[in-house]
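This report describes selected local features of one protein model. Please look at the sequence and the structure before reading on.

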Amino acid sequence: MRSPSLILTALLALSALTAAAAEPPKPLNVLFIAVDDLNHWVGYLNRNHQTVTPNLDRLAAKGVRFTRSYCAAPVCNPSRAALMSGLRPSTSGVYENGDDWRTVIPADRPLTTAFRNAGYFVGGSGKIYHEAYPRRGEWDDYLEDPGRDPLPAGDTGVGGIKFAPLDCRDEDLREWKVVQYGIDQLNGPHDRPFLLTIGLFKPHMPWNVPRKYFDMHPLDRIELPPHREDDLKDVPPSGVRMAKPGGDHAAMLASGRWKEAVQAYLAAVSYADAMIGRLVDALDASAYKDNTAVVLWGDHGWHLGEKSHWRKFALWEEATRAPLIWVVPGLTRPGGVCDRTVDFMSIYPTLTDLCGIPTPAHVEGKSIKALLADPSAAWETPALTTYRFGNHALRSEGWRYIHYLNGDEELYDESADPYEWTNLIGSTSAAARSARAGLSKFLPGPGKPPVGESASGTPKKGAAKKKAAAKKAARIDRP
Ligand SMILES: [Ca+2]
C-alpha cells in the first residue's frame, strides 16, 4: 500500500498543475511608440548606410520588422489623425496640418477610446496627435508639459531647414521627459492592462540635438542621398508642384550646406534612437516584459533633396515609407522580416485584434496579425497614401503608382529603380501596364472635401482666408 503522504503530495502537485493550467493568460499590455518625421534611414532597413540606430535595430530584431510600411498621409496631422481614428484622409477630410481633425472625428472613434472602453488604462506623453490640436480627454493620464528644448545661440540652418548642434545634455531636451513618463509607467504598479502611447518629437526639425550626436556623423564622411539632378524631367506638373524645386532645394544648393543638413538629420535620428533605447531597456527590466506588445511607427518619410524636394508633403517612396516594428509576446518570433506592403491604417485594427477588443465598425484598415505570426503569409493589399484632396499613391511589392487629382500619373518599377528615377507611365511594357491596371483598382473614390470646405468642393465664404491661415500653419509645421 502506498503511503498516504505520497498520495497527498501527488494530489497537491496535480492540483497545482490544474490551477496553473486554469489560470487565465495575463492580459496583453501595449507600448505604442510614435516617432515624428523618422524616415527609412534606420540601420535595419539599410536605405542609408550612414545612419546609426542601434536601439531601433535591437528592437526590430526582437520581433517583426516591416520593410514596406507606409503612412496613410505624408503629413503629421492627417497621418496621425488617420492612424488614431481608423479613418483615412479621404473619409475624414483631414488632409493638411491646418485641418482641425477634432471637428470631424468624434471622441468615440479613436483607438484610445476603444481601449478605455475595454477596461484598459490609457496613458500618454509627447506627440501622438499633431500638437496644434490636442484632445487630452482621450487619455486617462497624459504628461501635460515636457518643457521646452534649448535653442542654439548662433546659426540655425538654411532657411526653413533648421539645424544646429547644442551644447547641452540629453536630459535637457523635452524628449527626455516624454520617455521618462513611459519609463515611470513601466516601473509602476498597474491594476488594469495598459496602453501607453509615447510620442517622440525628434527627429522632427529643428535638428538641434546635443553635439555628440553630430560627432557620431563626421561631416567629412557624409554622403548625399542618391539623386539625379534631372529627376523631375519625367514627373508631371502635379508632382513637380509637390517637389517645389525652387524652394528648400534651391536654397540648400545656393548655401552649399546640403551635407550639413544630412549630418544634422542623422544626428537627430541617433538622438531619437538613444531615447527609444531607454524605453526598450525599461520594458525589458519591468514586470510587464512578457505580456506587453510593442508597436513602433514613424508618422511618414522625409526627403533630403531626392527629387529636388525636402520634407514630407509628397507621394514618393522617400516621403511615404516609414519604420514599422512589432514585438508581440507569444506571437512574433525574433528576427522576423515582413516584405508585404502595409500602411499604418493597419495599426488600430491589429492592436484591437491582439488584445481581444472588438474592432469598431468604422475602422478602415485590416489587422495584420496573420503577418505577425507568419511574415511570409500571403497579402494582396497594396499600401495607400493620400496627400491633399484626390491625390493618391499605391504601393505593391514591385511597383508604385501615383494618381493625382487632375489625372496626372506616375509609375515606378521598384525592383529595377528603387529611387524612382524613371517614370514608366507611358511605357508599353506588359509588366508596367499590368501593374498600373492592378493598382488603379485600389484607388479610393473622390473622397471627402478638405475640412473647412463645403461638400460641393466650393470654398465657403471666408474659406480663402481660412485656407491661407491653414497654409501658413502647415508651413510653420509646428511639432
Ligand atoms: Ca525622374
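The text below covers a strand, a pair of helices and some backbone details.

The structure is a predicted model, in which local features need pLDDT of at least 70, side-chain atom pairs count only at pLDDT 80 or more, and totals for chains, interfaces and linings use all residues. Residues are numbered from 1 along each chain as its sequence is written.

Helices and strands are DSSP runs numbered from the N terminus (helices are H or I with at least four residues, strands are E with at least two). Strand β7 covers residues 194-200. Seven of the seven residues of β7 are buried, so β7 is largely enclosed by the rest of the structure. A residue is buried if 20 or more other C-beta atoms, placed from the backbone, lie within 10 Å of its own, exposed if 12 or fewer, and partly exposed in between. In a regular strand the side chains alternate between the two faces of the sheet. Phe194, Leu196, Ile198 and Leu200 point one way from β7, while Leu195, Thr197 and Gly199 point the other way.

Strands pair if DSSP finds at least two bridges between them. Strand β1 runs parallel to β7, joined by six bridges, and Ile33 stands opposite Ile198 in β7. Strand β3 (residues 121-126) also pairs with β7 in the parallel sense, over six bridges. Here Ser125 has Ile198 as its bridge partner.

Helix α2 (residues 54-62) packs against helix α10 (residues 258-284) at an angle of about 45°, with the axes 7 Å apart. That makes α2 oblique to α10. Axes are lines fitted to C-alpha atoms, for helices over the stretch in contact, and angles run from 0 to 180 degrees between N-to-C directions. Angles under 35 degrees count as roughly parallel, over 145 as roughly antiparallel, 65 to 115 as roughly perpendicular and the rest as oblique. Pro54, Asn55, Leu56, Arg58 and Leu59 in α2 meet Asp273, Ala274, Ile276, Gly277 and Val280 in α10; contact requires C-beta atoms, placed from the backbone, within 7 Å.

Asn46 lies in the loop between β1 and α2, and Ser308 in the loop between β9 and β10.

A cis peptide bond joins Lys202 and Pro203, with omega about 15°. The bond from Met205 to Pro206 is cis too, with omega near 0°.

Methods. Two residues are in contact if their C-beta atoms, placed from the backbone, lie within 7 Å.
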